[in-house]
Amino acid sequence: MKILVTGGAGFIGANFVRQTLEMRPAAAVTVLDKLTYAGNLTSLADVADRIDFVTGDVADRDVVDPLVAESDLVVHFAAESHNDNSLEDPTPFVQTNLVGVFQLLEAVRRHKVRYHHISTDEVFGDLALDDPARFTPATPYNPSSPYSATKAGSDLLVRAWVRSFGVAATISNCSNNYGPYQHIEKFIPRQITNLIDGIRPKLYGAGRNVRDWIHVCDHNRAVWAVIEAGRIGETYLIGADGELSNKQVVEMILEEMGWDPHDFDLVADRPGHDLRYGIDAAKLREETGWTPVFSDFRSGLADAIAWYRAHEDWWRPQKQAVEARYASHGQ
Ligand code: NAD
Ligand code: DAU
């Protein structure tokens, strides 16, 4: 099987490539990645001789078309992925997350190639903190940020291309991932690498916002479950029952790294900050048999802390610029 993985030099994509080569050693994997600030070739260094790597833009028809033509399956991870950046400049979000998906859909339509679309639970907006409800595939779309609005738009493009043109596509909407190779602009690695540098963690607002954490490897196993057992045209929500407030997560990181759990600072909140995400993954579990392997968040977090401690060479070059950007917003 020839698989085209877009965004394979990013956090989830790099883990997906590695897991795919492990689980399916006969697969021929091509990675298409623009190598933006979020892409890192060294994330694929240990598998570089087992993949074809193409530097290019998913929004560029001339790049995308020949790569899709020679593939049996496209798994689309590439995106501008960070909410805070989308509040500063939405331009690349519209270009990559909408125009990029349009170009991929047109290519899979032309060449009749199976397509799996990686999306996010943020398309549903947020839930109240005290609401027992969780997101299901029937929850209406109600995105809050430029990032989540472009992801919602891309999901709708996929649905339209399935219905109007018979494209063989599936969609998965996952909750917050953590694990190795996650960019240090994101919440958990930012706090871990700050603590390595002796800096107290920074919580937006009052730290009450809730995210539904899942280990990146469980996300990717679920993606394969949907590709193999999901129904064409369907949407599957991926989550591992991991709801925690940001304050709870920071307290755990502090404890695991040997600090006092109260050693954090409250900083300026994110405008439009979604309160809570929570996933009901019953459809995924029932239809595909998928279950998460990393059921203990604290031990998965300890693994992530150990990974960032052992891979300072991977994140150090970006640390100063990331923190300077946050500092300019009082965060
Ligand atoms: P990331 O920012 O770590 O990586 C994105 C990758 O895409 C980078 O390698 C970047 O170079 C590449 N890229 C960006 N623009 C491109 C373009 N125009 N053409 C080609 N490549 C381009 O992101 P991530 O956290 O790994 O997220 C991957 C996907 O999963 C995204 O679609 C995101 O919306 C989705 N998602 C992420 C999470 C999460 O918690 N991180 C949760 C649910 C869904
Ligand atoms: O839910 C899935 C989404 O999860 C993905 O679609 C996105 O690509 C991914 O970035 C993530 O979005 P969030 O905005 O939830 O993730 P982030 O890591 O930016 O922030 C997680 C929470 O932590 C959020 O409530 C904001 C808060 N936060 C973040 C940072 C960077 C802080 O309190 N302090 C911080 O320093």
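Trainee: At what angle do helix H4 and helix H5 pack?

Mentor: This is a predicted model, and in it helix H4 (residues 91-111) packs with helix H5 (residues 146-165) at an angle of about 15 degrees, the two axes being 9 Å apart. Angles under 35 degrees count as roughly parallel, which makes H4 roughly parallel to H5. The crossing in which H4 passes H5 is right-handed.

Trainee: And which residues make the contact?

Mentor: On the H4 side they include Phe93, Val94, Leu98, Val101 and Phe102, and on the H5 side Tyr147, Leu157, Val158, Trp161 and Phe165 are among them. Sorted by class, the residues in the contact of H4 with H5 are 11 nonpolar, 4 polar and 3 charged.

Trainee: Changing topic, how many residues does the largest nonpolar core have?

Mentor: The largest nonpolar core has 61 residues, and Val17, Val75, Ile188 and Phe297 are those with the most contacts inside it. Helix H7 (residues 216-229) gives the most to this core, contributing 8 residues. There is also a second, separate core of 21 residues, which includes Val58, Val64, Val158 and Val167.

Trainee: At roughly what angle do the axes of H6 and H8 cross?

Mentor: The axes of helix H6 (residues 187-196) and H8 come within 10 Å and cross at roughly 35 degrees, and this crossing is right-handed.

Trainee: What about H8 and H10, are they parallel or oblique?

Mentor: Helix H8 (residues 246-256) and helix H10 (residues 297-310) have axes that come within 10 Å and cross at roughly 60 degrees, which makes H8 oblique to H10. The contact is made by Val249, Met252, Ile253, Glu255 and Glu256 of H8, together with Phe297, Arg298, Leu301, Ala302 and Ile305 of H10. By class, the contact of H8 with H10 has 7 nonpolar, no polar and 3 charged residues.

Trainee: Which residues of H8 are buried, and what do they pack against?

Mentor: Asn246, Val249, Val250, Met252, Ile253 and Leu254 are buried in H8. The buried residues of H8 pack against H6, strand S8 (202-204), strand S9 (210-212), strand S12 (243-245) and H10.

Trainee: And what follows H8?

Mentor: H8 is followed by Gly258, which has a positive phi, near 80 degrees. In the loop between H8 and strand S13 (265-267) you will find Pro261, which counts as partly exposed because its relative accessibility is 23%. The C-alpha atoms of Pro261 and Glu251 are separated by 4.6 Å, although the two are 10 residues apart along the chain. Not counting residues up to four places away in sequence, Pro261 touches Glu251, Leu254 and Glu255.

Trainee: Last one: is His215 buried or exposed?

Mentor: His215, which is found in strand S10 (residues 214-215), has a relative accessible area of 5% and is therefore buried, the cut-off for buried being under 20%. Apart from residues up to four places away in sequence, His215 touches Tyr178, Gly179, Pro180 and Phe294.

How values were computed: Residues numbered from 1 in each chain as written. Chains lettered and ligands numbered in written order. Predicted model: local features only at pLDDT ≥ 70, side-chain atom pairs only at ≥ 80, totals over all residues. Heavy atoms only, no water. Axes fitted to C-alpha atoms, helices over the stretch in contact; angles between N-to-C directions. Helix = DSSP H or I, 4+ residues; strand = E, 2+ residues; numbered from the N terminus. Parallel < 35°, antiparallel > 145°, perpendicular 65-115°, else oblique. Contact = heavy atoms within 4.5 Å. Nonpolar A, V, L, I, M, F, W, Y, C, P; charged D, E, K, R; others polar. Core = buried A, V, L, I, M, F, W, Y, C linked by side-chain atoms within 4.5 Å. Buried < 20%, exposed > 50% of the residue type's maximum accessible area, 1.4 Å probe, protein only. Left-handed = near helix turned anticlockwise from the far one by under 90°.
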